[in-house]
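Please walk through the following model with attention to how its parts are placed relative to one another.

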Amino acid sequence: MNGNRPSELTFSFIQEKVGEIWRHVLDVPDGMEDATFFDLEGESISAVRLVSRIEEECGISIEVGDIFENDPDLTALITTVAEQGRVSTAA
């Protein structure tokens, strides 16, 4: 686990961390911020890297299958991670 993770996760922390991971792993080009995993040419190795980094940085496990079955965009992935971690998405 990452020493930068707060003891109590917040939605804003998840938004920030998952966004950083998404942009890094998928090398998101300018103008493609709303693209889905497959639009960004995501493949099995990048799905595994996303899941691993999210667990490492946020301490929340999601399934690789969730990415392949749902073809999420960044917003959908953030929501999935927050729900799996039982973090409220309410503002």
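**A buried lysine and its surroundings**

K17 is buried, because its relative accessible area is 12%, where buried means under 20% relative accessible area, exposed means over 50%, and partly exposed lies in between (1.4 Å probe, protein chains only). This is a predicted model, in which local features need pLDDT of at least 70 and side-chain atom pairs count only at pLDDT 80 or more, whereas totals for chains, interfaces and linings use all residues. Residues are numbered from 1 along each chain as its sequence is written, and side-chain values use heavy atoms, with hydrogens and water left out.

K17 has its place in helix α1; helices (H or I, at least four residues) and strands (E, at least two) are DSSP runs, numbered from the N terminus. Leaving aside residues up to four places away in sequence, K17 touches E57 and C58, a contact being heavy atoms within 4.5 Å.

Besides K17, the buried residues of α1 include F11, F13, I14, V18, G19, I21, W22, V25 and L26. An α-helix has 3.6 residues a turn, so residues three or four places apart point the same way. The buried residues of α1 pack against α2 (44–58) and α4 (74–84).

Backbone angles come next. Most residues other than glycine have a negative phi. D27, which follows α1, has a positive phi, near 45°. In the loop between α1 and α2 lies E41, whose phi is also positive, near 60°; E41 counts as exposed because its relative accessibility is 68%. R86, in the segment after α4, has a positive phi near 55°, and with a relative accessible area of 76% R86 is exposed.

A pair of aromatic rings is described by the distance of the centres and the angle of the planes. The structure holds 3 aromatic pairs, where rings of Phe, Tyr and Trp (its six-membered ring) pair if their centres lie within 6.5 Å, with planes under 30 degrees apart counted as stacked, over 60 as edge-to-face and the rest as tilted. One of them joins F37 and F38, whose ring centres are 5.2 Å apart and whose planes stand at 75°, so the pair is edge-to-face. F37 counts as buried at 0% relative accessibility, whereas F38 is partly exposed, with a relative accessible area of 35%. The rings of F37 and F68 have their centres 6.0 Å apart and their planes at 85°, so this pair is edge-to-face. Because F37 lies in the loop between α1 and α2 and F68 in helix α3 (residues 64–70), the pair ties together parts that are 31 residues apart in sequence. F68 counts as partly exposed at 34% relative accessibility, and ring pairs link F37, F38 and F68 into a cluster.

Finally, an unreviewed UniProt entry lists residues 9–85 as "domain: Carrier"; UniProt positions are given in the numbering used here, feature names are shortened, and annotations may be inferred rather than shown by experiment. The end C-alpha atoms of residues 9–85 lie 8 Å apart, and the span is 64% helix and 0% strand.
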